[in-house]
Amino acid sequence: MADKRQVKVKVNGVEYEGYAEPRKLLSDFLRDDLELLGTHVGCEHGICGACTILFNGEPIRSCLMFAVQATGAEIMTVEGIAENGKLHPIQEAFNEHHALQCGFCTPGMLITVYHFLKENPNPTEEEAREAVSGVLCRCTGYTQIVEAVMAAAEKMRIAA
Amino acid sequence: MSGEKKKWVGSSYKRKEDMRLLTGRGTFMDDILLPNMKHAAILRSPYAHAKILDVDISEALKAPGVIGVVTGEDVKKASKPYPCGVTIPTKYYTCAVDKVRFVGEPVAVVVADNRYLAEDALDLIEVDYDPLEAVVDIEKAIEPDAPVLHENIGSNIYNHRFFKYGTDWDTLCQEADEVVKWKFNFPKYAGSPIETYGVIASYSSFENSYVVYNNYQGPFVNHALTAMALGIPENKMRWIIPTDIGGGFGTKTGIYPYCALMSIVAKKTGVTVKWIEDRREHLLASATCTDRVTYIEAAVRKDGKILGLKDKAMDTTGGYIRPPEPGCAYRSTGNHTGAYDIRNLDREVYIVATNKGLTAPLRGYGCQELYFSTERITDMAAAKLGIDPAEIRFKNFVQPEQMPYTTATGGYYDVGNYPAAFQKCLDIVEYDKMREYQKKARAEGRLVGIGLASVVDPSVTNIAYVAIGKTIEERKNERDKSGSGEAAIVKVDPLGGITVICSTNPQGQGHETVISQIIADEFGVHPDEVVVDSVLDSSDRLYSITTGSFSSRFASSGTTAIVRASRQCIEKAKKIAAHLMKIKVEDVVMEEGKFFAKDKPEKAIKLRHIAGAAHWNQYDLPEGIDAGLFGTSLWTMPTSRPPDGKDRVNSSNTYGFVAEAIVVEVDQETGEITFLKWASVHDAGTILNPQIVRGQVLGSIVQAIGGSMYEEQAYDEHGQCLTASFADYLCPTAMEMPKVDVDHFESPSVLTALGSKGAGEGSSMSVPPAIGNAIADALAPLGVVVDELPLSPSKIWHMIDEAKAKTN
Ligand code: FES
Ligand code: FES
């Protein structure tokens, strides 16, 4: 057991300070130490995508990174998507199109889509499908997720 | 009541659950944090078959942060083997005792301050194994010289039964023009919910009682059986299932052994223990469907009429058999002949021990295994007779005028119009046009195929089916079992708000939303005003052995319990209203949440006022009426009877119908499959929420695509599991999901309050045979026979390659 190191991160705009062993996964640090339970862990080997967060603006799998690597970083998790108690257009579209069932993959899906629509505000359906293909969902059959991404893109274009 | 136009039921009301789930505020198993909670990790067997000579935990106990270690010896002392519905003496403990029988079987549990430390200590446990020869192949396992898994049974046969319904097989063969036979292999695959299993257990020595949080999906019969295994009264073991479960699909019916194991661990270590399964553990050792070998024969007349079926199905439940097995073979008893009017059936069943992971119901439970063989042999019979696969189905369907129809095996189909629903599916896929298209494509040398499947989708299992695992003689000495009960409590608080406590234990099916819609219609309120509590706590919720979400029970029995509890509550409200208005109860009318005298609608009183009277002025209530305002129901379907003396049983209670029509093209060079067109038509009775039903259908389709093409819990001949990560166990991604036209043909059930039947499992059963039939049709010009799944591109490529080598 190695000594704990200090970890200083900004998550959803809030500064956090904690201590973690070098081997502690970032996903575990977020959940266990910061009690940000929105980020889910489905495989801990980088495939399911449930643990996806934005790390300095880029989507990463928090189960594939150590907490100590996050020092100084700005992180966004699912808890940070809605603002001022109002759903983000992506969240609204997920609700309207029934793009979630059990909701366990949803945090990873939302973060992935959030980043994707920033990069590509006017996607084709094929692009939207490919964008979410890195996150596994066992419930929905994906069709309604793709529909929601397309609808969210439109909502956001209108709002912009 | 069914068929009546409702305001909210039948609309795509947006899901209420989504608000918390979209904002990261769900409460899943791993989100539950209790004071002084410690963490468990499980040491698992690296061998498929071995004797355990010694387990040395002394070093592990000295490791940093370790609180205690539990081994198989402890488990043997603290519990009894799980009871199971077969006659052989089974010995399923929740942790290996003396011997391991599959890779991943629990051998010891470490409890430490955190999960990292617990896992560190696992490496310090020394287990001395004496490896034994393993057997993984079902048919090899029952050969006389096969290594025996359970010495006390003496063979690898957990269960073996014969059944005969109708005319004797040999006589039938003489009447038939053709007897078509083949052997089929069905693979072992899993639900793989993204949330794995989780348990938090604590024990109080003062009350000798346990509290166990877990994400079990039901049926609650295993709550009773776990209490029996632990040797404690059922009410001393409180299970609490959190609001949110991250997918179930049947797989989460397999958690209960871990509830027992962690209870034992909590008792021995004296601390509150949390165990969250990791993905590797889940893929190795949670639960899959059974893999099955089926030898099937169909006796057919020249005109396509199927006179009878004969089949021998051999399932393996892996290293042990545990409840609700042997249900894999018997849950589909009543619908064995599917959508067809077949009166004669000759059946043989084997449930076999092999050194593989254990099983549990998987979405469709037993039906995909069954229909893969029956629907494939139907196509083979059609080919042999030179009849179109659609035509042979029309020739054999149970006709609408035969409803209600009792099958040869005891199933009671209350309603349905199979030919019309099937025709609808053919119309959507433009069947005739696609056959023309196929002709042209074939002429160009392309491999295009059309696959059909038409199946009956049984829902709301009647637990009576489990008894079929025993012979009629053996059953005579036992009490009958039957039932499908589901519970609900509807209560109106002192300020008039309605709360529903459901026992349906959802895992993403939107019960909170649909219940709110039902209550809104019943009470004349807005769905947003209704609060639904879906936590299932065995200490204060109504439940029975059939409680839970499995076999698509919610839409039929769950909703009926809700309606009955609501109406009970409304009846009481009417009595109070009559008392307040000083009129006769018969003269009270309730409309849109208001109660009034038939002739004085202008003098209405609101539900809120009646609730007020019931709670705030308890003295002034009609005689014989309790205070408060609530209704309860634990409703069982009247069709849930025990098996009869001829092995017939109505194994489910509502029977939907699914027609699948799939057009595929196979790439000769790569074996890759492209879905050109897909129509999926469902008769799920009355649709309660179209958007949710669509989600259920698409979800079952993607899982069935997985099982048919990509997913398999695979083993080498030594019983090593080859698919212990998501890099090897391949779940379909968004890229693998084709466009599917989903449509409905509603024939409302006459047995349920709202006319609904189940909808969540249909395509799990129909897609595997439909994909099999489509690929078989595509490859037919090459002389390739399709008789197993999964049909991955590489397997198809090999099949094409072999066929070409033969012809060259
Ligand atoms: S938990 Fe990180 S990718 Fe699955
Ligand atoms: S909604 Fe359940 S895994 Fe995606």
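This is a predicted model: local features need pLDDT of at least 70, side-chain atom pairs count only at pLDDT 80 or more; totals for chains, interfaces and linings use all residues.
Biologist: Let us take chain A. Which secondary structure elements does chain A contain, and in what pattern along the sequence?

Modeller: Chain A has five helices and five strands. Read along the sequence, their pattern is β-β-α-β-β-β-α-α-α-α. The radius of gyration of chain A is 16 Å, close to the 15 Å that the globule rule gives for 160 residues, so chain A is as compact as a globular protein of that length. Along the principal axes, its C-alpha trace spans about 50 × 30 × 25 Å.

Biologist: What share of chain A is buried, and how much of its contact pattern joins residues 24 or more positions apart?

Modeller: Of the 160 residues in chain A, 56% are buried. Among the contacts in chain A with a separation of 6 or more, 59% are between residues 24 or more positions apart.

Biologist: How is chain A divided into domains, and how do the domains meet?

Modeller: The division gives domain 1 (5-80) and domain 2 (89-159) of chain A. Their centres, taken over C-alpha atoms, are separated by 22 Å. At the boundary, 13 residues of domain 1 of chain A are in contact with 11 residues of domain 2 of chain A. On the domain 1 side, strand β3 (residues 52-55) of chain A gives the most, with three residues. That side of domain 1 of chain A comprises seven nonpolar, six polar and no charged residues.

Biologist: Turning to chain B, what are its secondary structure content and overall dimensions?

Modeller: Chain B contains 21 helices and 29 strands. For 808 residues, a compact globule would have a radius of gyration near 28 Å, and the 27 Å of chain B agrees with this. The C-alpha atoms of chain B fill a box of roughly 90 × 70 × 55 Å along the principal axes. Buried residues account for 60% of the 808 in chain B. Of the contacts in chain B between residues at least 6 apart in sequence, 81% join residues at least 24 apart.

Biologist: Which segments form the domains of chain B, and how do domain 2 and domain 3 meet?

Modeller: The assignment for chain B gives domain 1 (18-25 + 485-635), domain 2 (34-132 + 196-246 + 251-276) and domain 3 (291-464 + 642-807). The C-alpha centres of domain 2 of chain B and domain 3 of chain B are 37 Å apart. Contact between these two domains involves 19 residues of domain 2 of chain B and 18 residues of domain 3 of chain B. The domain 2 side of this boundary in chain B consists of nine nonpolar, eight polar and two charged residues.

Biologist: Is B:Ile796 buried or exposed, and which residues is it in contact with?

Modeller: The criterion for a buried residue is 20 or more other C-beta atoms within 10 Å of its own. B:Ile796 counts as buried because it has 24 C-beta neighbours inside 10 Å. B:Ile796 is located in helix α21 (residues 793-807) of chain B. Leaving aside neighbours within four places in sequence, B:Ile796 is in contact with B:Val666, B:Gly671, B:Ile775 and B:Leu791. The C-alpha atoms of B:Ile796 and B:Gln668 are separated by 8.8 Å, although these residues are 128 residues apart along the chain.

Biologist: Finally, how many residues of each chain are in contact across the interface, and which helix of chain B supplies the largest share of its side?

Modeller: The size of an interface is often given as the accessible area lost when the parts come together. Here the description is by residue contacts: 44 residues of chain B are in contact with 44 residues of chain A. Helices α1 (18-22) and α19 (690-710) of chain B each supply at least two residues of the side that touches chain A. The largest share of that side, eight residues, comes from α19(B). The side of chain B that touches chain A divides into 19 nonpolar, 16 polar and nine charged residues.

How values were computed: Residues are numbered from 1 along each chain as its sequence is written. Chains are lettered from A and ligands numbered from 1 in the order in which they are written. Domain bounds come from an automatic or database domain assignment. Two residues are in contact if their C-beta atoms, placed from the backbone, lie within 7 Å. Ala, Val, Leu, Ile, Met, Phe, Trp, Tyr, Cys and Pro count as nonpolar, Asp, Glu, Lys and Arg as charged, and the others, Gly among them, as polar. Helices (H or I, at least four residues) and strands (E, at least two) are DSSP runs, numbered from the N terminus. The radius of gyration is taken over C-alpha atoms; the globule rule is 2.2 Å times the number of residues to the power 0.38. A residue is buried if 20 or more other C-beta atoms lie within 10 Å of its own, exposed if 12 or fewer, and partly exposed in between; C-beta atoms are placed from the backbone.
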